[in-house]
Amino acid sequence: MVWDQIDTTIPHGTQVFRLSAALSEFKREIIIECTNAGLVAARARGRLESHNTLKGKINIIYLV
């Protein structure tokens, strides 16, 4: 982690800032891709339910 301030008024600082933004965007896209792949796999196994559905089942289990 870089703790120094980035001076975006000079070309070097601007490039460092843009590189950091590009890496963050790449990481975000990878997370989205993995999440979507997991959701597709869960749907294929028939295990995808919403939180509301799960909460209702938990409440029913505790009431019985």
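**How many helices and strands does the protein have?**

The protein has two helices and zero strands. Here, helices (H or I, at least four residues) and strands (E, at least two) are DSSP runs, numbered from the N terminus.

This is a predicted model, where local features need pLDDT of at least 70, side-chain atom pairs count only at pLDDT 80 or more, and totals for chains, interfaces and linings use all residues. Residues are numbered from 1 along each chain as its sequence is written, and side-chain values use heavy atoms, leaving out hydrogens and water.

**Helix H1**

Let's check helix H1, which covers residues 11-45. The expected span of a helix is 1.5 Å times one less than its number of residues. After H1 comes Gly46, with a positive phi near 75°.

**A charged pair**

A search of the whole structure turns up one salt bridge (a side-chain nitrogen of Lys or Arg within 4 Å of a carboxyl oxygen of Asp or Glu). Arg28 and Glu29 form a salt bridge, with their closest N and O atoms 3.4 Å apart.

**Buried or exposed?**

Of the protein's 64 residues, 3% count as buried. Buried means under 20% relative accessible area, exposed over 50%, and partly exposed in between (1.4 Å probe, protein chains only). Glu29 is partly exposed, with a relative accessible area of 39%. Val16, which sits in helix H1, is also partly exposed, at 34%.
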